[in-house]
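Here is a friendly walk through a protein model, for anyone meeting it for the first time. Have a look at the sequence and the 3D view, and then read on.

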Amino acid sequence: MRDRNHTVTENNSSAALAWIKAGVEALLYSSVFISLCAFGLTVETYLLTGLEVSLPMAGFVFLATLFTYNISSLQRTWHGWSAARHHQSWVIRHQQQLAILALLSLSGAIALFFIYRLRINLWFVLVLAFVSVGYTVPLLYKRIRPFRSVPLLKVFLIALVWSAVTVLFPLIDAGVTTDNAVLVLWLRRFLFILALALLFDIRDYTYDRSTRTLTFPGLIGEGYTRLLSLALLLLYLLLIIGTEEGRVMVSLLAGTLVAGLIVWNASEEKPRIYYALLADGAMLVHFAFVYLAIS
């Protein structure tokens, strides 16, 4: 009887772990998690500037990110990108659901934009959308390679788009004048995202080398790329010390420390989930510290 009960318990535990694993994979590989990170950083911008949080704008950023990343993920699958086989196989099994999710998120973003009359220039949105989708999809002409293939460019594109969307979008919508304080906040976010984006150059080093795409690890090596990322975080930290004070400064320093630990332990051998959960998750942790400090 005991053996039978023990077997039943083991089966239940295995089933629970399988459900948890499936849930985590769905959260990460459907791009919901990375979209929550964008949502969090957008809300963080409101908190840091003392503005009332606009949920329609934060929702718009979440849905736009969800659409962009899922389209990119599907496009890589259709073209047989093999740098992340487990992720690719998950996307292949769920590509119909991801396509539906991408269409729904695009429809939702458009609806929020017009229903709530978000005050961001439509052309500005379209340019960033063009850059975001063109990061992996050759939009101009099929023989022209996507933007990520341009030597050393992809990390700067990621940082530029993320900092513009999570800082400039909410502030422009709130009617804030673009002054030195706004530019410093944008620069801080740009440096933070750029430091994290370098980790994905490390993750994709073998694939980028196979496609002859020059990235920072290919130029200066994996170790020096980590040091460059840490140097960017240090510069970010110095800007925080010079522009913030009190609990907010402490919260931002704590978020930077967490990001630094993730950078320090990054390597090409780390599983994809390390980058999907921790490197991306550093943004969510960053937001959480700020939220706790201000609330």
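Which residue forms a salt bridge with Asp-204, and how many Å apart are the closest N and O atoms? The partner is Arg-203, and the closest N and O atoms are 2.7 Å apart. A salt bridge here is a side-chain nitrogen of Lys or Arg within 4 Å of a carboxyl oxygen of Asp or Glu.

Before going further, a word on what you are looking at. This is a predicted model, where local features need pLDDT of at least 70 and side-chain atom pairs count only at pLDDT 80 or more, while totals for chains, interfaces and linings use all residues. Residues are numbered from 1 along each chain as its sequence is written, and side-chain values use heavy atoms, with hydrogens and water left out.

**The overall picture**

The protein has 14 helices and zero strands. Both kinds of element are DSSP runs numbered from the N terminus: helices are H or I with at least four residues, and strands are E with at least two. Of its 295 residues, 46% count as buried. In this report, buried means under 20% relative accessible area, exposed means over 50%, and partly exposed is in between (1.4 Å probe, protein chains only).

The accessible surface of the protein is about 15,300 Å², and carbon and sulfur atoms make up 67% of that. Those areas come from the Shrake-Rupley method with a 1.4 Å probe. As for contacts (heavy atoms within 4.5 Å), take those in the protein with a separation of 6 or more: 72% of them are between residues 24 or more positions apart.

In soluble globular proteins, nonpolar side chains tend to be buried together. The largest nonpolar core here has 74 residues, and Phe-60, Leu-199 and Met-283 are those with the most contacts inside it. Helix α8 (residues 180-203) gives the most to this core, with 14 residues. A nonpolar core is a set of buried Ala, Val, Leu, Ile, Met, Phe, Trp, Tyr and Cys residues joined through side-chain atoms within 4.5 Å. Not counting residues up to four places away in sequence, Met-283 touches Ile-34, Cys-37, Leu-41, Trp-162, Phe-192, Ile-193 and Leu-196.

α2 is mostly covered, with 14 of its 18 residues buried. Following α2 comes Gly-50, which has a positive phi, near 75 degrees.

Just after α5, Arg-117 takes a positive phi of about 50 degrees.

Leu-101 is also found in α5, and at 27% relative accessibility it counts as partly exposed. Leaving aside neighbours within four places in sequence, Leu-101 is in contact with Ser-30, Leu-66 and Asn-70. The C-alpha atoms of Leu-101 and Leu-66 are separated by 8.2 Å, though the two residues are 35 apart along the chain.

**Back to the charged pairs**

Side chains of opposite charge can pair when their charged atoms come close. The structure holds six salt bridges, including these:

| Salt bridge | N to O distance |
|---|---|
| Lys-154 and Asp-204 | 3.6 Å |
| Arg-188 and Glu-244 | 3.0 Å |
| Arg-203 and Asp-204 | 2.7 Å |

Arg-188 sits in helix α8 and Glu-244 in the loop between α11 (222-243) and α12 (246-264), so this pair links parts of the chain 56 residues apart. Arg-188 is buried at 4% relative accessibility, and Glu-244 is buried with a relative accessible area of 19%.

What about the pair we began with? Arg-203 is buried, with a relative accessible area of 17%, and Asp-204 counts as buried at 4% relative accessibility. Salt bridges that share partners join Lys-154, Asp-201, Arg-203 and Asp-204 into one network.
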